[in-house]
Amino acid sequence: MKRGILFSFLCAMAVGTAAVALVVVSFIKPQSFRPWLLGQKKSLLTRAGGAAAIVETANSGVVTVIAMRALREEERTAGMSSDRNVQRGTGTGFIIDAEGFIVTNEHVIRDATLIRVKLADGRERRAEMRGADAATDLALLKIDAERLTPLDLGDSDAVRVGDSVIAIGNPVEYERTVTAGIVSAKGRKVYGKEPFEDFIQTDAAINRGNSGGPLLSASGEVIGVNTVIRVDASGISFAVPSNVVKRVVGQLRASGQVARGYLGLTPVNLTPEYREALQLGETRGVLVADVTESLPAARAGIEPYDIVTHFDGRAIRHTDDFFAFVANTPPQQRVEVTVLRGGQPLTLQATLDQRPLREEARAAETRPAAEKSQQNAAPSLGFSVRENTPAVWRELRLDRLPGRVEDRVTEGVIISDLDPLGPAGDSRLSVGYVIFEANRQPIRTLDDFARATSALAPGSVLVVRYTPLSQRSVNMTAIRVGEK
């Protein structure tokens, strides 16, 4: 009997001591205690109803966004809306704090004359647009209302491919429709127009009207904003990661716009051809194809053919890293850029400019379809060049290109034929592009190009710098020489 009492007393003491220790740790080191708490939260949600419990909690924070635009006279005449005066569109949004700030997609409210928000309890409020960012397709709205239920933004970097997710939205105006799936991939490119795109791919069913709605994790936190679907496929949808949302919303809330850093150089990924031609070995980084005069990169001393290996201490593996690091750094901030030049590392100082609006809106360069294989295309390179003259422009029908003739590039040699199945078929070159440098030798005439390429052996690599005839954007490509 006494032993039983003693054993019970010792067990109670052990449990009490453990409880006190946990309380002490939670106050002294809350950051170390947080992961355990989140794990318990997830476990409790699973046991207490799983997805149903998450949806029940999150639904009150999801809203319907109604965007209305007054039609112009010509649009009313054309019958663009059954209302004849107003074009109406709906999307989804979600509340992020008790003050009434709401996140949705920029394309949901684009060009809207009036924006209204319908809450889960049926209340409607007029919304004020506090800022929008077309580059990430995010917009921040503000309503005046009480008794709001904000949703928490989670850590999208911690999300793993294969994790379960839940989407809530208003597809084709079926309010608060819930779908579920998994994270299919991370870091996806969708539009291709922004080099720093970083979407979460999911197979949760997303349809028109879901835009701007939350993508929720298994713990009920928002880890993405549902943004775009592939209409030519099933089960392929994309969301803006919550960590991107945090950065963008912070700036929209403070100033109504997003300011991104800008260096003013054109990077390209290091392919095996570049590594061989430039003797780079296993160097990691991006190759500088061009540097724009008077911009931060030029002022810092960065030159074409430099290899950028680090940006402000962070290693660069490919162009996605470069664009993301630069764009997510505020303008006017001083940064360190480490480059390799002639095999020697250099650490340069640069003060970033603000990314120009034309860069925000400009689509990534798309390669025009190449002409059919021509008999006179050089078989070793897969393309032919001619003198860059107005007479050749007319002959190749390049005189019809947009832009002013006086703004065209007048030096270098122009690509007149290109074999899409030849060595240059997978490059970015196209008929009408102007080559002004080959294997680091300046090219002004056909003779210059002949001297630079005459000694190339099959299997060797030709590195060229080029520009479209009607533009001033400089790029670089590497071509492995074929058999003659």
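Seven strands make an open sheet in the order 5-4-1-2-3-7-6, with antiparallel pairing. Strands pair here if DSSP finds at least two bridges between them. Strands (E, at least two residues) and helices (H or I, at least four) are DSSP runs, numbered from the N terminus. Strand 5 (124–126) and strand 6 (128–133) stand at the edges with a single partner strand each, so one side of each has no neighbour in the sheet. From one strand to the next, the twist averages 30 degrees.

This is a predicted model: local features need pLDDT of at least 70, side-chain atom pairs count only at pLDDT 80 or more, and totals for chains, interfaces and linings use all residues. Residues are numbered from 1 along each chain as its sequence is written, and side-chain values use heavy atoms, leaving out hydrogens and water.

## Strands 1 and 2

Strand 1 (residues 62–70) pairs with strand 2 (residues 86–95) over nine bridges, in the antiparallel sense. Ala70 stands opposite Val86.

## Helix 12

Helix 12 (residues 446–453) has four named buried residues: Asp448, Phe449, Ala452 and Thr453. Buried means under 20% relative accessible area, exposed over 50%, and partly exposed in between (1.4 Å probe, protein chains only). Seen down the helix axis, the buried residues fall within an arc of 115 degrees, so they line one face. That arc is taken from the directions from the helix axis to the C-beta atoms. Asp447 and Arg451 are exposed on the other side.

## Strand 10

Both faces of strand 10 (residues 199–202) are covered. Phe199 and Gln201 are buried on one side, Ile200 and Thr202 on the other.

How values were computed: Axes fitted to C-alpha atoms, helices over the stretch in contact; angles between N-to-C directions.
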